[in-house]
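Grab a pencil and have a go at the exercises that follow. Try each one yourself before reading its solution.

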Amino acid sequence: MLIQYSVKNYKSIRNEIIINFSAGKDVVPDKIIYGERLNNPVYKCIGLLGPNASGKSNIIDSLFFALRFINSTIERKEKSKINVEMFLLDENSRKEGAAFEFIFFENNIKYVYGFTVDTEHVLEEYLLEKHSEEETIVFERDARSSSEYNFWGNDVEIQTEISKRTNSNRLYLPVAAEWGYEKVKVAYKWFEKVFRQYNDTSIRRMIADVLKDNSKKRILLEAL
């Protein structure tokens with residue numbers, strides 16, 4: 001279940017935009033989802049409203065770029081470019097990379113997963129999980145740091161070996177799942193499930209139609 005999605009420095013989006021599914025108090029009961037571990041109930045779906053050329057399409061496009069990039073990481077060749085379009089209207093943004101973050105529940109565990117990429121490298125990546133009140137950092141990655149990876153005491157030897165198999169243009173999460181690291185499997189399977197759900201031909205055709213048709217800019221994001 002997706003709780004929040006955020007994107008920064010992607011196409012026309014310069015500053016961080018947050019899409020939050022948390023519901024307020026005055027909502028229709030059949031429009032929301034409750035759960036023991038949820039701090040607040042969440043909407044089953046939300047709408048993006050705004051004038052033409054305000055960036056709605058690029059928010060949706062960023063979501064599907066992130067999902068495709070996660071799903072295709074294993075197949076990426078070592079020196080292949082990352083087909084990401086960053087905000088280009090100032091010099092700093094061209095150097096920062098595009099950033100994406102998902103907050104979601106799966107198997108009653110809350111996960112926070114995010115990454116930042118430019119056209120050649122994964123610059124940052126992290127996975128946090130929360131079973132109760134305590135939050136655990138499974139891994140952190142910063143390509144601009146001398147050490148790059150920090151595993152915070154989580155199976156350091158195992159994760160270090162997997163990190164050596166992770167090319168600079170690949171995400172660590174899918175690689176670690178591919179190599180059987182148990183602590184990332186649930187989170188990665190959630191992304192696989194979401195990608196399968198939205199990779200249906202009819203759904204992709206509908207999304208493409210919405211993205212290119214200015215008369216359909218009132219977009220519904222269905223809860224994942």
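**Exercise 1.** Which residue has its charged end over the ring of Trp179?

*Solution.* Keep in mind that you're looking at a predicted model. Start at the ring of Trp179 and look for a charged end sitting over it: that's Arg165, 4.0 Å from the ring centre.

**Exercise 2.** Work out what span helix H1 should have, and check it against the model.

*Solution.* H1 covers residues 56-72, which makes 17 residues. The rule takes 1.5 Å times one less than the number of residues, so the helix should span 24 Å. Now look at the end C-alpha atoms: they are 25 Å apart, which agrees. While you're there, check the cover: 14 of the 17 residues in H1 are buried.

**Exercise 3.** Classify the ring pairs Tyr10–Phe100 and Phe151–Tyr172.

*Solution.* Take Tyr10 and Phe100 to begin with: their centres are 5.8 Å apart, with 70° between the planes. Angles over 60 degrees count as edge-to-face, so this pair is edge-to-face. Tyr10 sits in the loop between E1 and E2 and Phe100 in strand E6, 90 residues apart. Both Tyr10 and Phe100 are buried.

Next, Phe151 and Tyr172: the centres are 6.0 Å apart and the planes are at 35°, so this pair is tilted. Phe151 is in the loop between E10 and H3, while Tyr172 belongs to helix H4. Phe151 and Tyr172 are both buried too.

**Exercise 4.** Is Asp155 buried or partly exposed?

*Solution.* Find Asp155 in the loop between strand E10 and helix H3. Its relative accessible area is 29%. Buried needs under 20%, so Asp155 is partly exposed.

Methods:
Residues numbered from 1 in each chain as written. Predicted model: local features only at pLDDT ≥ 70, side-chain atom pairs only at ≥ 80, totals over all residues. Heavy atoms only, no water. Helix = DSSP H or I, 4+ residues; strand = E, 2+ residues; numbered from the N terminus. Buried < 20%, exposed > 50% of the residue type's maximum accessible area, 1.4 Å probe, protein only. Phe/Tyr/Trp six-rings, centres within 6.5 Å; stacked < 30°, edge-to-face > 60°. Lys NZ or Arg CZ within 6 Å of the ring centre and 35° of its normal.
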